[in-house]
Amino acid sequence: GGGIIDNQTANIFIQTPASGGWIFRNGAPGYDEKMRIDSSGRTIIQSGTLTTPAYTPAQGYPLHVQGIASQSYISIGRAGQTTGSQGMIVGIDTTSSYLWNRDNVAIKFGTNDAFNMIIKSGGNVGIGTDSPANKLHIIANTPGIEYDTGAGVRVDNAVSSPNVSIMMAVSSTNNIGIIQTLEPTVSWSTKNLAIQPRGGNVGIG
């Protein structure tokens, strides 16, 4: 089974393998594979001189993009934009992965069809607010929530026992700010707090 559509003038070669789907090739004389839509509807896009896709249907990804050895990017832009310098890119090179916004707009993150976090165009990060006033601005979603029930900032050590945490939050119930050290694995028992343990002045007021 299967078939071939061949346009040698345009260097386009479309193959329908016996396993189903479509294979798109171009670039005579090798006719390297550039895109494949398999029988399940999964799409594989690749560039360079690859002759077989680095992909197997068992991986299950609906869209698989593979670039050249040094990098691979997806560019997303609005109508009228130049995708080489506007819009945003998602990609990877040999040193980093990228979620890169080229426009002067914010990046928003949401889960469960609800807003959760924003990175403003100036770099401020908001969690629970889309108008962060500082480099990191956190607002609890539930008024009156306390530090031990999910609001604020928590830093743990890497030791499983004893596990020591420091919490920084606000309490709208008592109208106070909170800095508290504790051991959450032992009924939130309190721990000591050291300020400048290696020396240095502390100013109050």
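Biologist: Which side chain meets K191 in a salt bridge?

Modeller: The side chain of E183 does, at 3.1 Å from N to O. A salt bridge here is a side-chain nitrogen of Lys or Arg within 4 Å of a carboxyl oxygen of Asp or Glu. Before we go on: this is a predicted model, in which local features need pLDDT of at least 70 and side-chain atom pairs count only at pLDDT 80 or more, while totals for chains, interfaces and linings use all residues. Residues are numbered from 1 along each chain as its sequence is written, and side-chain values use heavy atoms, with hydrogens and water left out.

Biologist: Fine. Is E183 buried or exposed?

Modeller: E183 counts as buried, at 7% relative accessibility, whereas K191 is partly exposed at 33%. Buried means under 20% relative accessible area, exposed over 50%, and partly exposed in between, with a 1.4 Å probe and protein chains only.

Biologist: How many salt bridges does a search of the whole structure find?

Modeller: The search finds 4. One of them joins D38 to R42, with the closest N and O atoms 3.1 Å apart. D38 is buried at 11% relative accessible area, and R42 also counts as buried, at 18%.

Biologist: And what forms a salt bridge with R78?

Modeller: D103, with 3.2 Å between the closest N and O atoms. R78 sits in the loop between β7 and β8, and D103 in the loop between β9 and β10 (107-111), so the pair ties together parts 25 residues apart in sequence. Strands are DSSP runs of E, at least two residues long, and helices are runs of H or I, at least four; both are numbered from the N terminus. R78 is exposed, at 57% relative accessible area, while D103 is buried, at 17%.

Biologist: You mention β7, β8 and β9. In what order do the strands form the open sheet?

Modeller: The order is β7-β8-β9, with antiparallel pairing. Two strands pair if DSSP finds at least two bridges between them. β7 and β9 (97-101) stand at the edges with a single partner strand each, so one side of each has no neighbour in the sheet. On average, neighbouring strands of this sheet are turned by 15° against each other, direction ignored. The axes are lines fitted to C-alpha atoms, for helices over the stretch in contact, and angles run from 0 to 180 degrees between N-to-C directions.

Biologist: How many bridges join β8 to β9?

Modeller: There are 5 between β8 (residues 88-93) and β9, which run antiparallel. For a landmark, I92 stands opposite S97 in β9.

Biologist: Switching to rings. How many aromatic pairs does the search find?

Modeller: It finds 3 in the whole structure. W22 and F24 make a stacked one, 6.5 Å centre to centre with 25° between the planes. Rings of Phe, Tyr and Trp (its six-membered ring) pair if their centres lie within 6.5 Å; planes under 30 degrees apart count as stacked, over 60 as edge-to-face and the rest as tilted. W22 is partly exposed at 40%, and F24 is partly exposed at 25%.

Biologist: Why is the pair of Y73 and Y98 tilted?

Modeller: The ring centres are 6.0 Å apart and the planes stand at 55°, so the pair counts as tilted. This pair links distant parts of the chain, with Y73 in strand β7 and Y98 in strand β9, 25 residues apart. Y73 is partly exposed at 31%, as is Y98 at 23%.

Biologist: Which cluster do the ring pairs make there?

Modeller: Y73, Y98 and W100 are linked into a cluster by ring pairs.

Biologist: Now the surface. Which residues form the nonpolar patch?

Modeller: I45, L63, V65, I74, I76, V90, L99 and F109, with about 610 Å² of accessible area together. β6 (63-66) and β7 (71-76) are the elements that give two or more residues to the patch. Patches take residues with over 30% relative accessible area and no salt bridge, joining nonpolar side chains (Val, Leu, Ile, Met, Phe, Trp, Tyr) within 5 Å and like charges within 9 Å. Areas come from the Shrake-Rupley method with a 1.4 Å probe, and for residues, only the protein chains shown count as cover.

Biologist: Where is I74 found?

Modeller: In strand β7. I74 is partly exposed, at 34%.

Biologist: Last one: how far apart in space are A169 and G152?

Modeller: They are 4.3 Å apart, C-alpha to C-alpha, and 17 residues apart in sequence. A169 lies in strand β15 (residues 165-171) and is buried at 11% relative accessible area.
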